Structures are given as structure tokens and as C-alpha cells.
Amino acid sequence: MKIPFSFLPVQPDSAFPDRSEIKRPIVALHLTAGDRSVIFFAVVDSGADLCVFPASVAADLGIDIPNRSCSLFSGSNDANQLAYFEELQATILPMEAPNIDPNQEPLTFPLYAGFCDTLEHVGMGLLGQEGFFSRFKISFATMVAFAYLVMVAYDKPVRAYLRSKR
Amino acid sequence: MEPIDLTGVLKDAPRGEWLALSWARDRIVAHAPSLTAAKEAAQQLGELNPIMMKVPPLHALIL
């Protein structure tokens, strides 16, 4: 599956006076818990250890937090943050864009995702190493005109084959 | 491959509110202080599968 990067507006500052936009690898995720679902943007973030979403997503999916599955993490400072985890079903929805194959199949996978209040201001989820990068082979080509990522399901038969060759 | 340009549709979006974007991502169908309220408002307006997000502050880069 090929996914185009998205441009988002940002404010210039003294370090980047000419900047008015940033590009991020964003996917549209269909998240399902029980009979409730929501389509939500998430950033493919290789620097994140886990997959986390704003607490509002949990509320919309009918997931009660806080729950017993909590985990401490931190961001760019040392302040502790708490995320509450739940099993979901996630589907990456191919986004229509110029020069992209309109017939790509959605990718569905189980996702153990955390929810936290401290991500509310970001307004998007983060798809990190455990649970996302652990499941797909992902390549980035971060160039202005050809920004995209490619994901290939790294299925269990391949893992079993590789283990058998050790 | 062309990037998806969300700068136009987000330019005048209400900061701090949850947004329900059209599937084509070319317009804000509804916005509200809560995610669920924005989603339900969009669905009542006929956008059955809105894409939900919140506009981050302009300084909010992710590290």
C-alpha cells in the first residue's frame, strides 16, 4: 500500500522563518471496538515506542478509561504520562490522491492501542514500533514531489520460514 | 506521488476543536468541542464516514 504524505499548516518562527507547512506520513485509520467505530488520522511515527491515541477516541469508541491496562511513558520532557490500553481492530484506509492506485486494498490488523489525555492537543494518533512497525515493512521516501511510504504485511509464514533457517 | 495538501482546508479551522473532514478531505463538514459531537454532527449532515482530527496549535510539532 502506498500512502502519500500530508501537508499541514504551521507557524514560522525564528528558527524556521520561511516555514508555513510541514509534511507528515498520515494514514486514515478505521478503528473498531465492539460495535462502535471511528475514522481517525494517525501519524506513522518510527520514533514512538507504542501506538497511542487521544483519550477522546476511547470515549467515542465506548472504551472506559482509566482501566487496569496502564503504562507510563514520556515525551520530550521527563514528565510521566499514563496511557490506558485496549485491544482494537484497525484498518488502514487507502486515501485517494493524484497518481495513486485507486484500487488498493485496505489493510486490517489487531491493534493494542493506548489512550491518554496528554495527546489531546496533538489531535492525531501515533503509530509506533510495537504493534505497527512490528507488523509491517515500511519504507519512507521523504522528498517533496515523491513523498510516500510503502507497507507490506510481514505475515507469520515468512517469520516461521526465517526461524526455520536459523 | 503528490502529497495531500491539508493546509487549505485547515487554514481557517477552529483551533482546539475536533474536526470532521469529508472523505475527500476537501472541507470541514462539522466541528465541535468533543470528538463525538463533531462526528455525529457530520453524520447528520450526510457525511457518514468523516475523518476525525483536531487542529493542533501552529507551534505543535511532534518530537
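Biologist: Which residues of helix α2 (residues 35–44) of chain B are called buried in this predicted model?

Modeller: In α2(B) the buried residues are B:Leu35, B:Ala38, B:Lys39 and B:Ala42. They lie on the same side of α2(B), because they cover an arc of only 100° around its axis, where the arc is that of the directions from the helix axis to the C-beta atoms. A residue is called buried if 20 or more other C-beta atoms, placed from the backbone, lie within 10 Å of its own, exposed if 12 or fewer do, and partly exposed in between. An α-helix has 3.6 residues a turn, so residues three or four places apart point the same way.

Biologist: What covers the buried residues of α2(B), and what follows this helix?

Modeller: The cover comes from both chains and includes β5 and α1 (55–60) of chain A, together with β2 (18–21), β3 (28–32) and β4 of chain B. After α2(B) comes B:Gly46, which has a positive phi near 100°.

Biologist: How should I read these names and numbers, and what does a predicted model require?

Modeller: Residues are numbered from 1 along each chain as its sequence is written, while chains are lettered from A and ligands numbered from 1 in the order in which they are written. Since this is a predicted model, local features need pLDDT of at least 70 and side-chain atom pairs count only at pLDDT 80 or more, whereas totals for chains, interfaces and linings use all residues. The average pLDDT (the predictor's confidence in each residue, from 0 to 100) is 88 for chain B, where 87% of the residues score at least 70. The model as a whole has an ipTM of 0.92 and a pTM of 0.87.

Biologist: What makes β4(A) and β5(A) a pair of strands, and in which sense do they run?

Modeller: Two strands pair if DSSP finds at least two bridges between them, and eight bridges join β4 (residues 26–33) to β5 (residues 36–44) of chain A, so they pair, running antiparallel. Opposite A:His30 stands A:Ile39 in β5(A). The two strands form a hairpin with two residues between them, and A:Gly34 in the turn has a positive phi of about 65°.

Biologist: Which strand of chain B is joined to β5(A), and how many bridges are there?

Modeller: β4 (residues 51–54) of chain B runs parallel to β5(A), joined by two bridges, and here A:Phe40 stands opposite B:Met52. Within chain A, three bridges join β5(A) to β10 (residues 125–127), also in the parallel sense, with A:Val43 opposite A:Leu126.

Biologist: What makes β3(A) and β1(B) edge strands of the open sheet?

Modeller: The order of this three-stranded sheet is β3(A)-β2(A)-β1(B), with mixed pairing, and β3 (21–24) of chain A and β1 (4–5) of chain B each pair on one side only. Two bridges link β2 (residues 6–9) of chain A and β1(B) in the parallel sense, and A:Ser6 has B:Ile4 as its bridge partner.

Note on methods: Helices (H or I, at least four residues) and strands (E, at least two) are DSSP runs, numbered from the N terminus. Two residues are in contact if their C-beta atoms, placed from the backbone, lie within 7 Å.
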